[in-house]
Amino acid sequence: MERKPIIRQRSEPIPDSLRTDDENVESNSLDGKRINVTFHVSNQNDDHFKRSFKYSSTVGDVKRKLSKLLKTTTDNITILKNDSTLSDDVRISTLESDAEVEIFTKDDSFIDVDIVKEKFNESISVIVHEEPPKKIIPQNITCKFHVVNQHHYFTKLFPCYSTIQVMKEKLSSLLVVEQSVLLLVKNKSILTDDTQLSDLEIDNFGNLEVELYTKDGTKMKFDTVYKDVPISDILTVAIPLGPNRIINVNVEVIDTRIVKPYLGGYRNKITGLEYHHAFTQTQDFRSKVPPEKKNHRDTQTVTVRDTAIDTGTSRGTQIYGRGVYVPNVTDVVLLARPHWPNVTQTVAQKRRTECAIRIQRAWRAYRCRKAVSGWLIQCRKRIENLKNEDLEEIRIRDLRLKKEMIAKTFPRTREDFDQLYAMVDRWRNTEIARISKFHTKGPKVAEFSLLLDKEIQLLRSIEKFRVELIEDFRKMKEKNLLEEMSKPVVWQNSKGKIITMDTMEAQKARELKDIYTEFCKEDLGLEDRMKLLVNFKYTLANYKTPLAYQLSSLIDRECDLTVRNVPAKFLDVLRKRIHTTLFQFIKSSEFSGNVAAKHKERTAKNMEGERLYYCSQCDNVKMYTKFPLHSRTKNMNMCTACSWSNFAEQNWVDMTPYKFMLRAVRREERKNKCLSSIAFVIQEKDVYFIVDKVWHSRSAISEYDDIIDLRLCRWNVLEDWSPWNCILLTFREMKSHLKLIEPEKMYDADLVQKVHSKLLLAKTHFKHLMEFKRDSPVQ
């Protein structure tokens, strides 16, 4: 334990730091003879203020009192008299009765003279005139913070003129949180940053209670709150004498704590906690005379005790004598070197300078080698990163080409068939250009006829594969429809459990699915096929509908041809007709028990909240995702399927590279957090127009025309991407271009004029998007 500090109370009506020449009479009557000192602040337009001190005070006492008044340290204050610095032990009595001195701070900090005079006026109104102000504001305010979400309290001292902004800055560094997430609440109202502490409700003892919150619920650390609390030797205690009168009393704190010595201890290897041996609170007696000044016989006399020891073995000495031989084989002869009489102080200084230069040269060479080695490591890493980027670019390019090759070999979507038709179109145009170079008419006619035959053959093979793929998709669609119809009803109750109910409609749909699956089997035997047809014909006898009669006649025809041993390859068309008619019959309400109709109702209910449009070509109502969209779309009259099947208006263009460009642009805009960019509005057809019509499918710098390596990036990197703020470059050119802040100053004037003309053309074409850009929210 430590001794508690002794507190001595001394009452002073007015602190010395607040006395001026207006209260000399009163100070002389209270404290004896005093002297007035005028302080001039020369580096602040010769501002000055006056204070009164005792004759027995020294310059060090004046500095200590001024440091508390001016909120700085004692060492930072310097006092001059007649351009000579006054030492701390000089007494004020050596100065004149009305002394004038100069004061300035070593760190050139600003000395606020108005605050000093304002404090003096407050003290005069309280003590001299005995007219208390309306609101007594102490110099320092003790703020008590209540952290509501962590149930923690702590206090901190702030000057009365501090603002909430200053308080947040200190709390953010103290509690290790960001300043923007702190909220200070007083009387259920949030305090603004420009509010001063003196404007808030402060009690008579200078205390202020506020609540501390965080916007995102961040937990704060309170380990360092009281880590570095300074201990003041003089405290000001406010004593209330009435409802509107308070007297400040200075209390001096004498610190008599002892420094506990370290007596050892041990540490727990598992928990890592250290345990120190205890020390009593009674201080050990120490003599006032230091040990080096003690002169006593007991401390200087050494007790000597003689002991006789007999050696166990005889040893020879290093002295030649009779009967004693000492070998000198291992002896070393040391000779004193001659003194250098010519070594003067100048020569010695020169040698020391040469040695220092040699050491400095070696040290600089070491630093240079170390810096060069660091630069070499960075250079090698940069080269390696560039190689890795090139390899990654090549890998991505090869992967794209591989995917395109697979899509062209095994097409599955409309985009894949667009690639095939575009490839045939490019081949045809190339062949036409080649044949047109012939000079005679006969070879031209022959080559054009061969070209037509080859083109028809290629288009026929593509169309055959497309028809087969459509048939496969149709079968898959029918199978998915039957599976969807045969699923039981599933919902979740109030307790969170999943409940499944197998309705009569689901059971009936499951039976229809089994019948359709049996009819679609191609590996079914002849006898099994005949039994299936006969059994299903007896089932159809209960239904009197046109589809039932048509399906019954088709079954009779297949049975008749099968009995007559007609090969199976001639029955494929008939069996396809049976499958199609059977599926239409299953969807009818007479046979399926209204299962398909209710499934259609559920599908319609699911589409109620979606945006639906009518296709005038196929007379179907479809969702908006089934219609072609681009920035110039005015109405939706034809769906994607109908517009694609219209070969007369089809312009076979491979949209795969333009889709890749659009995805790359949107990815970069997301990285830059520009979610309001026009890149998320335009479609691949708009990108095709920008690349092909505006930039002519060539790089603006190198005229490179391979569409796979081209990218659309920003022209001005500080603005969002738009058709009038983009440039077509290769991938490597784009990486270098995005590092330029002002491209107009880096590129040639002709190139800049060319780019501006292209951007003006794009802006004219996409002028309807300017309103969208102007109305879009700012991110």
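Author: Start with a definition. A residue is buried at under 20% relative accessible area, exposed at over 50%, and partly exposed in between (1.4 Å probe, protein chains only). Now the ground rules. This is a predicted model: local features need pLDDT of at least 70, side-chain atom pairs count only at pLDDT 80 or more, and totals for chains, interfaces and linings use all residues. Residues are numbered from 1 along each chain as its sequence is written, and side-chain values use heavy atoms, with hydrogens and water left out.

Reader: How many helices and strands does the chain have?

Author: Helices (H or I, at least four residues) and strands (E, at least two) are DSSP runs, numbered from the N terminus. This chain has 21 helices and 21 strands. Of its 779 residues, 29% are buried.

Reader: Which residues of H20 are buried?

Author: First the general idea. An α-helix has 3.6 residues a turn, so residues three or four places apart point the same way. In H20 the buried residues are Leu751, Val752, Val755, Lys758, Leu759 and Ala762. Seen down the axis of H20, they fall within an arc of 130°, so they line one face of the helix. The arc is taken from the directions from the helix axis to the C-beta atoms. On the other side of H20, Ala749, Asp750, Gln753 and Leu760 are exposed.

Reader: What do the buried residues of H20 pack against?

Author: Contact means heavy atoms within 4.5 Å. The buried residues of H20 pack against helix H17 (684–694), strand E21 (726–730) and helix H19 (743–746).

Reader: Where do I look for aromatic pairs, and how many are there in the whole structure?

Author: Take the rings of Phe, Tyr and Trp (its six-membered ring). They pair if their centres lie within 6.5 Å; planes under 30 degrees apart count as stacked, over 60 as edge-to-face and the rest as tilted. A search of the whole structure finds 10 such pairs. One of them joins Phe145 and Phe154: it is stacked, at 5.1 Å centre to centre, with 25° between the planes. Both Phe145 and Phe154 are buried. With Phe158, they form one aromatic cluster.

Reader: Why does the pair of Trp715 and Tyr747 count as stacked?

Author: The ring centres of Trp715 and Tyr747 are 5.9 Å apart and the planes are at 20°, so the pair is stacked. Trp715 lies in the loop between strand E20 (710–714) and E21, and Tyr747 in the loop between H19 and H20, so the pair ties together parts that are 32 residues apart in sequence. Both Trp715 and Tyr747 are buried.

Reader: Which residue lies over the face of Phe660?

Author: A charge sits over a ring if NZ of Lys or CZ of Arg is within 6 Å of the ring centre and within 35 degrees of the ring normal. Here Arg400 lies over the face of Phe660, at 3.8 Å from the ring centre.

Reader: What is the phi of Asn187?

Author: Most residues other than glycine have a negative phi. Asn187 has a positive phi of about 55°, although it is not a glycine. Asn187 lies in the loop between strand E9 (182–186) and strand E10 (189–190). Its relative accessible area is 56%, so Asn187 is exposed. Glu703 also has a positive phi, near 60°, and is a residue other than glycine. Glu703 sits in the loop between H17 and E20. At 38% relative accessibility, Glu703 counts as partly exposed.
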